[in-house]
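Open the model in your viewer and keep the selection tool at hand. The stops below are given in the order to visit them.

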Amino acid sequence: MQKIAKFHKVSEKQFIADWCMTTKCSEFEAKHVYERVLLPRRATIGSAGYDFFAPEAFSLVPHETILIPTGIRAEMAEGWVLQLFPRSGLGFKYSLQMDNTVGIIDSDYIHAKNEGHIFIKMTNHNRLGKTLSIASGEGFAQGIFLPYGITEDDDADGQRQGGFGSTTSKA
């Protein structure tokens with residue numbers, strides 16, 4: 001296996017701003033959540049996915065959506081991408097889905113103005129009325145690092161500024 005990446009926590013200041021913007025909580029509450037942020041990790045030596053852990057417990061009734069500031073940023077080698085998915089069992093049992101189908105974290109996202117803070121937005125699409133409950137520190141998503149290629153005539157020369165949607169190409 002190639003070692004091509006490393007996870008870091010975003011700064012406490014960045015996390016508090018993002019957490020409070022998302023959850024409408026106090027700075028004091030956000031600091032306590034930040035202390036519990038765990039870096040993603042694989043469960044077994046054969047696991048492809050790095051589990052992302054819930055910074056705080058949450059529940060989703062069917063058709064409810066949540067946006068989770070994970071407190072995590074990913075530093076990776078050029079030519080690699082981090083793809084995010086729900087944990088397999090949660091997708092199977094609850095029809096839990098990423099709102100953008102697959103999260104794509106580019107190698108230069110770490111340089112974004114928000115420190116490359118990874119947010120995960122998911123919806124419980126369960127049709128059987130099952131409520132999804134995740135405990136603080138429980139895995140709810142997984143990230144897989146994959147290599148990618150570019151075309152021979154690629155001429156991209158832009159520099160990342162922001163986060164979501166900031167790299168949209170214009171013809």
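Which residues does Asp-18 touch, not counting residues up to four places away in sequence? Select Asp-18 and you will find Pro-69, His-117 and Phe-119 in contact (heavy atoms within 4.5 Å). This is a predicted model, where local features need pLDDT of at least 70, side-chain atom pairs count only at pLDDT 80 or more, and totals for chains, interfaces and linings use all residues. Residues are numbered from 1 along each chain as its sequence is written, and side-chain values use heavy atoms, with hydrogens and water left out.

Stay on Asp-18, which lies in helix α1, residues 12–23 (helices are DSSP runs of H or I, at least four residues, and strands runs of E, at least two, numbered from the N terminus). Asp-18 is buried (under 20% relative accessible area, 1.4 Å probe, protein chains only).

Next, select Phe-15 and Trp-19, four residues apart in helix α1 and so separated by about one helical turn. Their rings are stacked, 5.3 Å centre to centre with 20° between the planes (rings of Phe, Tyr and Trp, its six-membered ring, pair if their centres lie within 6.5 Å; planes under 30 degrees apart count as stacked, over 60 as edge-to-face and the rest as tilted). Both Phe-15 and Trp-19 are buried.

Move on to Phe-58 and Phe-140, whose ring centres are 5.8 Å apart with planes at 90°, so this pair is edge-to-face. Phe-58 belongs to strand β3 and Phe-140 to strand β11, so the pair ties together parts 82 residues apart in sequence.

Finally, select Phe-7, Tyr-50, Phe-52 and Phe-145, which ring pairs link into a cluster.

Conventions: Buried < 20%, exposed > 50% of the residue type's maximum accessible area, 1.4 Å probe, protein only. Lys, Arg positive; Asp, Glu negative; His and termini not counted. Salt bridge = Lys/Arg side-chain N within 4 Å of Asp/Glu carboxyl O.
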